[in-house]
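Please look over the sequence and the structure, then read on.

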Amino acid sequence: MEIFITFILYSIANNIAIDFKKCDFGIKGEEIRTKDEFKKTEDKVLLKELDLTIKNGYLMAILGETGSGKTCLINSLLRNLELLNRNSPDKSYYIFSNNISYACQAPWIMNGTIHDNIIFYGNFDKEKYNQVVNACQLDKDFENLKHGDFTEIGSTGNNISGGQRARIALARAIYKDADIYLFDDPISSVDSYISKIFHQARVNLLKDKTRIFVTHDTRNLKYSSRVIVMNHFEIEFNGNYKQFSGKEEYKDIIDEQSHPEKKELKLCKND
Ligand SMILES: Nc1ncnc2c1ncn2[C@@H]1O[C@H](COP(=O)(O)OP(=O)(O)O)[C@@H](O)[C@H]1O
Ligand SMILES: [Mg+2]
């Protein structure tokens, strides 16, 4: 208990938002009871001995091939994956706030107006709403809809494109007032928009928030506080942009920044 309190005080004093040391995350085995026997299936460890420290206000960029564990990392922050070594004395686990806003990889829409989908039961702040709509470049879409942002969407409303759906889901995540923002690799239909959204999140709307972007848009990497590269469920690299760009093995990604027209990205080639 004493160690735990010291640790919390250390995290607060050092402005730490997230601190995982030697944390195993995965899915807990199930207990199966039958009349004659009691069995417990094994835990499935996905992220083993994860070390991750993120300071408050940091902008993190997470890269990695498909299947490398990027979404698992996000799920560990969301507590969707369980901390399996809860009782291990070497591990430490700290998230300073549970107020997390999350845009998942597969954007979702509820039945209602676009406006409802962005506000999502929050308070309506006109100025903020307009800024978010602008950042997600939804203004043009509203102009082309008869009822603008009061157009009904979802299964009982109008059909919207995949890109509109993704930008509405991003707008919802950005509009929410939270301490930590997680964006899991917005789908490629927002590729041409994501740079501006990322930019707005950096300089304007979410300026002082802790932001974690799983992304394959490399043009903004230089603005990240830290770049993380996932490989086979491990953090292969965690450092600032200068350290990242100095690595020979990531040269292809840096090249991509100078030639954004090159679509194929070595590290995220299957995304
Ligand atoms: N909840 C889960 N249950 C079982 N396996 C999982 C679960 N989540 C992820 N995995 C496994 O981890 C792999 C990588 O997951 P993911 O984090 O989604 O990769 P990425 O986001 O980098 O593409 C998946 O292909 C799957 O095999
Ligand atoms: Mg993923």
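## The β13 and β14 hairpin

Met230 stands opposite Ile235 in β14. The two strands β13 and β14 run antiparallel and are joined by 5 bridges. They form a hairpin with 2 residues between them, and His232 in the turn has a positive phi of about 45°. Helices (H or I, at least four residues) and strands (E, at least two) are DSSP runs, numbered from the N terminus. Two strands pair if DSSP finds at least two bridges between them.

The model is predicted: local features need pLDDT of at least 70, side-chain atom pairs count only at pLDDT 80 or more, and totals for chains, interfaces and linings use all residues. Residues are numbered from 1 along each chain as its sequence is written, while chains are lettered from A and ligands numbered from 1 in the order in which they are written.

## The sheet

Strands β13 and β14 belong to an open sheet of 6 strands with mixed pairing, in the order β8-β11-β12-β5-β13-β14. At the edges stand β8 (100-103) and β14 (234-239), each with a single partner strand, so one side of each is left without a neighbour in the sheet. From one strand to the next the twist averages 15°. Strands of a sheet pair through backbone hydrogen bonds, either parallel or antiparallel.

| Strand pair | Sense | Bridges |
|---|---|---|
| β8 and β11 | parallel | 4 bridges |
| β5 and β13 | parallel | 5 bridges |
| β13 and β14 | antiparallel | 5 bridges |

Axes are lines fitted to C-alpha atoms, for helices over the stretch in contact, and angles run from 0 to 180 degrees between N-to-C directions. Two residues are in contact if their C-beta atoms, placed from the backbone, lie within 7 Å.

Of the 6 residues of β13, 5 are buried, so β13 is largely enclosed by the rest of the structure. A residue is buried if 20 or more other C-beta atoms lie within 10 Å of its own, exposed if 12 or fewer, and partly exposed in between, with C-beta atoms placed from the backbone.

## Around ligand 1

Gly64 and Met230 are also among the residues that surround ligand 1, including Ile27, Lys70 and Cys72. A residue is near a molecule if its C-beta atom, placed from the backbone, lies within 6 Å of it. Helix α2 (residues 70-77) gives the most to this shell, with 3 residues. The shell divides into 4 nonpolar, 6 polar and 1 charged. Here Ala, Val, Leu, Ile, Met, Phe, Trp, Tyr, Cys and Pro count as nonpolar, Asp, Glu, Lys and Arg as charged, and the others, Gly among them, as polar.

## The whole protein

The protein has 9 helices and 14 strands. Buried residues make up 35% of its 271 residues. Among contacts between residues at least 6 apart in sequence, 74% join residues at least 24 apart.

Leu83 lies in strand β6 (residues 82-83). With 19 C-beta neighbours inside 10 Å, Leu83 counts as partly exposed.
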